[in-house]
Amino acid sequence: MNELDRFYREMDRVTLTAEQDARFAPRRRWSWEWILPVAAAGVTLVMLALAQRAGGELSPRPMPGIGGALPMEMVVRPNSKESSRIDDRPGATPSHFFAGSEMGCAPAVDPEGASS
Amino acid sequence: MDHAVIRRRTRPLNDREAAIFAERVRIYRLALRLTQNRDAAEDLTQEALLRGYRSRETPDSWGAWLTRVAINLFLNETARKKPLPLEIEPVHSGSDEMLAIEMALGKLPKEQQALLALAHGEGLNYGELAETLGIPVGTVGSRLHAARAAFRVAYGEEA
């Protein structure tokens, strides 16, 4: 078995490089290299949560049915039922709309009442 | 790697870590004897030392403890991995005799490779072999005899 002894003895000449030494050493448990990014991400998440809780809207919401976010100026947000019923026929005016309103409002002008 | 980077990644060692870290060269040489491959030996050494750093045990000898861990890692983990590619630059002198021995050892079961590496490479006696491998002392002799016989046959085919 002398050949085996010689074979294994050749590995006794092996030494470690600085990189290997570093690899075999215990790692730092706490390091600013990862604490800072994690802390920054945590603070950002907390601020987002607080802002949403306060009712703020941090980004434009896409309209239902449109399927994608549009620039805010392109998104038409009807504020009421009336605004969605604006008659855009030629000659139509807001007063015309309200005169024929289905909302139960009194007509602005009563043609029959004027004749009686 | 820059030395400043190494210092940033490591830290001052306590007594326990220093005792484990002091075994790194011996464990790496053992790993080389077992795997015949630098990358695999580095992985094995790192894993064995890491288990030592994380362990809550307080053995009398970290050398013997880490040797057992390294042997178990070699026997259990490398068996699940794909065979390692042959290294272009051998871990030994590269002579014909050494290459033939490396090839012969590669033909043996891992248990026999480990036994021969511990007996002939580390110079462990029967009692130490029994403790490291977790087998009775009486069994060590017969297994070592069988491993040497298997090596002679394999070496005869290679030489």
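This is a predicted model: local features need pLDDT of at least 70, side-chain atom pairs count only at pLDDT 80 or more; totals for chains, interfaces and linings use all residues.
Colleague: How do you know that chain B is built from helices?

Modeller: The secondary structure of chain B amounts to nine helices and zero strands. Along the sequence, the pattern reads α-α-α-α-α-α-α-α-α. Of the 159 residues of chain B, 45% count as buried. Among contacts in chain B between residues at least 6 apart in sequence, 65% join residues at least 24 apart.

Colleague: Why is the pair of Phe7(A) and Tyr8(A) called edge-to-face?

Modeller: A pair of aromatic rings is described by the distance of the centres and the angle of the planes. The ring centres of Phe7(A) and Tyr8(A) are 5.5 Å apart, and pairing requires centres within 6.5 Å. Their planes stand at 70°, and an angle over 60 degrees counts as edge-to-face; the pair is therefore edge-to-face. Both Phe7(A) and Tyr8(A) are buried.

Colleague: What makes the pair of Phe24(A) and Tyr28(B) tilted?

Modeller: The planes of Phe24(A) and Tyr28(B) are 45° apart, with 6.2 Å from centre to centre. Planes under 30 degrees apart would be stacked and those over 60 edge-to-face, so the remaining angles count as tilted. The pair also joins two chains, because Phe24(A) lies in helix α2 (residues 18–24) of chain A and Tyr28(B) in helix α3 (residues 24–35) of chain B. Phe24(A) and Tyr28(B) are both buried. By the rule for ring pairs, the count is four aromatic pairs over all chains.

Colleague: Why is Thr45(B) called buried?

Modeller: The relative accessibility of Thr45(B) is 0%, and buried means under 20%; Thr45(B) therefore counts as buried. Thr45(B) belongs to helix α4 (residues 38–54) of chain B. Leaving aside neighbours within four places in sequence, Thr45(B) is in contact with Phe24(A), Arg24(B), Ile27(B), Tyr28(B) and Ala31(B).

Colleague: How do you know that the charged end of Arg24(B) sits over the ring of Phe21(B)?

Modeller: The charged end of Arg24(B) is 4.0 Å from the centre of the Phe21(B) ring, and the distance cut-off is within 6 Å. The charged end of Arg24(B) is accordingly assigned a place over that ring.

Colleague: How do you know that Leu4(A) is buried, and which residues does Leu4(A) touch?

Modeller: Leu4(A) has a relative accessible area of 0%, and the limit for buried is under 20%, so Leu4(A) is buried. Leu4(A) lies in helix α1 (residues 2–9) of chain A. Not counting residues up to four places away in sequence, Leu4(A) touches Ile101(B), Leu105(B), Leu116(B), His120(B) and Phe151(B).

Colleague: What makes up the lining of the second largest pocket?

Modeller: The lining residues include Ile71(B), Leu75(B), Glu111(B), Leu115(B), Leu133(B) and Arg143(B). The elements that give two or more residues to this lining are α5 (62–76), α7 (110–121), α8 (126–133) and α9 (137–158) of chain B. By class, the lining has six nonpolar, three polar and two charged residues. About 170 Å³ of space lies in this pocket.

Terms used:
Residues are numbered from 1 along each chain as its sequence is written. Chains are lettered from A and ligands numbered from 1 in the order in which they are written. Side-chain values use heavy atoms; hydrogens and water are left out. On a 1 Å grid over the protein atoms alone, a cavity is a set of points where a 1.4 Å probe fits but cannot get out, and a pocket is an open set with protein on both sides within 12 Å along at least five of seven lines; lining residues have an atom within 4 Å of a point. Grid points are joined across faces, edges and corners, and a volume is the space filled by probe spheres set on the points. Helices (H or I, at least four residues) and strands (E, at least two) are DSSP runs, numbered from the N terminus. Ala, Val, Leu, Ile, Met, Phe, Trp, Tyr, Cys and Pro count as nonpolar, Asp, Glu, Lys and Arg as charged, and the others, Gly among them, as polar. Rings of Phe, Tyr and Trp (its six-membered ring) pair if their centres lie within 6.5 Å; planes under 30 degrees apart count as stacked, over 60 as edge-to-face and the rest as tilted. Buried means under 20% relative accessible area, exposed over 50%, partly exposed in between (1.4 Å probe, protein chains only). A charge sits over a ring if NZ of Lys or CZ of Arg is within 6 Å of the ring centre and within 35 degrees of the ring normal. Contact means heavy atoms within 4.5 Å.
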